[in-house]
Amino acid sequence: KEEKIKIGITAPLTGPTAWWGESIKEGIELALEDLSQEEKSNLEVIWEDDKCFASDGINAVQKLIFIDKVKYVIGPLCNEVSIPTENLFEDNKVISLTTGLPNNDIANMGTYHFSFLPEIGSLMKDLADYVYFKDENKRVAIIYLDDSYGYENYVHFKKYFEINGGEIVSEESFPKTSLDVRTQLTKIKSSNPDSILLVAYGPNLITILKQMEELGMGDLDKYGINSFENANLLKEVPEMIEGVVYPIPASKMVTESMVDYTSKYKAKYGVENDVYSANAYDSFRLLYDAINVCEYDSDCVVSELLSIKEYEGSNGILTVDSRGVGVYNGVMLKTVKDG
């Protein structure tokens, strides 16, 4: 009982995805505020910046495991870090709760891996169905980030949209470091699409939106991924994202926990929360409670986390499946109106 609980956090605190890292940090800060002074004094939280790059992520996880001796880690966020660090967690029996939307590889990782957000494919299926059945846009172009996260969103949307009978008229990718996508957008424009799916985040997404305007593509109907759920976009390019439709994991019915978290977050930070801050908040609370029940027994913590059913969390009602992956009773499609 005298031993402190150590929880490591690895997230992109700097780099192109730092705004998501900031969301995760804010969610965990709110979770820490829920603890009593005695609980805080018995807890050590160790932060590491993985920058959303594999090499930095491996270094961060190695430090947490071998130097800090943690047995529990919240993170990583990015697939580019989660995949190459999997064996480090599994081989050393360290429990990790990834904070991003898992692709198929991550969803099927080993015993000590959890993700309380649903698989990317489930969100893209609902978005593809919406675009095809609820709209007149049958000819869609896609521009996507050339990494595992971007590819997973792209390939699932394409699969389900084409199954429905839709046509992907152009598909272009770009590297994370790119500051100019005019060449890709020009090719897309020449294909004369009805609408465009933007699979990007952070500064890359803002670059795409601005260059679409420059090329006279601003009037295209826009669809996106949950990266549009970010206050920075509303601040920097509100007119350019007007009317965009994007999916997030959420319950069909708004629960008291969702309302409470939204109010708490807005009161502290002055803006509405996104999916990642809410997930970080829930992940911390669920992990901390499981550790307290199990008294440092990692296998017991695994069992506790796998037993989560119908938990009223900050993103909605969460059930954890046999793989340790979150399942929600719906996908919410959101849009931007009047900025």
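Helices (H or I, at least four residues) and strands (E, at least two) are DSSP runs, numbered from the N terminus. The structure described here is a predicted model, in which local features need pLDDT of at least 70, side-chain atom pairs count only at pLDDT 80 or more, and totals for chains, interfaces and linings use all residues. Residues are numbered from 1 along each chain as its sequence is written, and side-chain values use heavy atoms, with hydrogens and water left out.

The chain holds 14 helices and 14 strands. Its C-alpha trace spans about 65 × 40 × 35 Å along the principal axes. For 339 residues, a compact globule would have a radius of gyration near 20 Å, and the chain agrees with its 20 Å; this radius is taken over C-alpha atoms, and the globule rule is 2.2 Å times the number of residues to the power 0.38. Of the 339 residues, 56% are buried (buried means under 20% relative accessible area, exposed over 50%, partly exposed in between, with a 1.4 Å probe and protein chains only).

Some backbone details are worth a look. Beyond strand 14 (331–335) comes the segment that contains D338, a residue other than glycine whose phi is positive, near 55°. D338 counts as exposed because its relative accessibility is 77%. K51, in the loop between strand 2 (43–49) and helix 3 (54–67), is not a glycine but has a positive phi of about 60°. The peptide bond from G75 to P76 is cis, with omega near -5°, and P76 sits in the loop between strand 3 (72–74) and helix 4 (79–82).

Charged side chains come next. Side chains of opposite charge can pair when their charged atoms come close. A salt bridge is a side-chain nitrogen of Lys or Arg within 4 Å of a carboxyl oxygen of Asp or Glu, and the count by this rule comes to 17. K25 and E29 form one, with their closest N and O atoms 2.7 Å apart; both belong to helix 1 (residues 18–33), four residues apart, about one turn of the helix. Another salt bridge joins K63 and E48 (2.8 Å, N to O). Because K63 lies in helix 3 and E48 in strand 2, this pair ties together parts that are 15 residues apart in sequence. E48 counts as buried, at 14% relative accessibility, whereas K63 is partly exposed at 27%.
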